[in-house]
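Let's take a walk through a protein model together, from the whole chain down to a single residue.

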Amino acid sequence: MSGIRWQPAGGEEELAAKACRHILLAAERAIAARGRFCLVLAGGHTPEYSYRLLSQADAAWSAWHIYFGDERCCPADDPRRNSVMAGEAWLDRSAIPAKQVHPIPAELGAQAASRTYESLVRQALPFDLVLLGLGSDGHTASLFPGAELQDQALVQPVRHAPTPPTERVTLSAAALSQSRDILVLVSGRSKRAALRAWRSGTELPISALQPRNAMTVLYDREADPGFGA
């Protein structure tokens with residue numbers, strides 16, 4: 001648990017604003033140092049607020065390169081896909097060049113999409129910033145408790161996710177760890193037990209990450225294990 005910065009936020013709006021600032025500052029640092037910013041997006045309700053704030057921000061968008069931490073194996077325009085949510089909230093109206101947005105081709109099926117995306121990820125490493133969430137069951141990206149965590153692959157197929165659609169594609173713990181910065185966003189009462197378990201040392205998929213630098217966890221009041229206990 002060492003190296004994790006635990007940062008509380010009052011509510012979802014404050015959490016989203018803090019996350020947006022964290023992302024923009026990471027981008028400024030990366031572009032100043034290396035001329036580009038490689039960002040891995042998370043799906044789910046919590047980061048969507050931050051994406052909407054980013055859509056109103058001013059940044060050196062031409063230097064941004066977007067990747068995704070996981071994806072559901074659905075048609076490319078299916079509203080359940082993380083790429084569709086991020087597109088509607090932010091990317092579809094951003095100034096990031098389309099060729100620098102790299103959705104996972106999960107419509108190809110888990111195995112084929114994993115092979116295709118692996119080469120893109122390998123070229124991008126190390127990422128500058130990875131965004132992650134924490135599910136109520138303790139999963140992150142599409143790495144679920146009890147599932148095999150691959151040591152070698154950067155992208156792995158998921159065929160038996162506990163919630164539909166059961167076939168997915170996810171970056172592995174090894175790939176997610178190869179980032180200069182990791183930001184985990186946790187909000188809502190339903191995440192409280194998972195956050196408590198993580199902080200108490202329970203082995204969860206996110207525990208397998210070995211970030212290059214410190215990991216920051218932003219959590220709101222409702223997710224705080226100590227709030228209202």
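A contact here means heavy atoms within 4.5 Å. With that in mind, look at how the chain is folded: among contacts between residues at least 6 apart in sequence, 77% join residues at least 24 apart. Before going on, note that this is a predicted model, in which local features need pLDDT of at least 70 and side-chain atom pairs count only at pLDDT 80 or more, while totals for chains, interfaces and linings use all residues. Residues are numbered from 1 along each chain as its sequence is written, and side-chain values use heavy atoms, with hydrogens and water left out.

Let's start with the whole chain. Its C-alpha trace spans about 50 × 40 × 30 Å along the principal axes. The radius of gyration is taken over C-alpha atoms, and the globule rule is 2.2 Å times the number of residues to the power 0.38. For 229 residues, a compact globule would come out near 17 Å, and the chain's 16 Å agrees with that. Buried means under 20% relative accessible area, exposed over 50%, and partly exposed in between (1.4 Å probe, protein chains only). By that rule, 53% of the 229 residues count as buried. Accessible areas come from the Shrake-Rupley method with a 1.4 Å probe, and for residues only the protein chains shown count as cover. The chain exposes about 10200 Å², with carbon and sulfur atoms supplying 49% of it.

Helices (H or I, at least four residues) and strands (E, at least two) are DSSP runs, numbered from the N terminus. The chain has six helices and nine strands.

Which strands form an open sheet, and in what order? Two strands pair if DSSP finds at least two bridges between them. The three strands run in the order β4-β7-β6, with antiparallel pairing. β4 (70-72) and β6 (155-158) stand at the edges with a single partner strand each, so one side of each has no neighbour in the sheet. From one strand to the next, the twist averages 15°. Axes are lines fitted to C-alpha atoms, for helices over the stretch in contact, and angles run from 0 to 180 degrees between N-to-C directions.

Zoom in on β6, which pairs with β7 (residues 168-171) over four bridges. Here P157 has V169 as its bridge partner, and Q156 has T170. Helix α4 (residues 110-124) packs on the sheet and touches β6 and β7, its direction making about 165° with that of β6. In β6, V155 and P157 point one way while Q156 and V158 point the other way, and all are buried.

Now find helix α3 (residues 82-89), which is largely enclosed by the rest of the structure because seven of its eight residues are buried. Those buried residues pack against β2 (37-41), α2 (45-54), β3 (64-68) and β4. Leaving aside residues up to four places away in sequence, S83 touches F68, E71 and P103.

Finally, visit helix α6 (residues 192-199), where R192, A194, L195, A197 and W198 are buried. The buried residues of α6 pack against β1 (4-9), β8 (182-186) and β9 (215-220). After α6 comes G201, with a positive phi near 100°.
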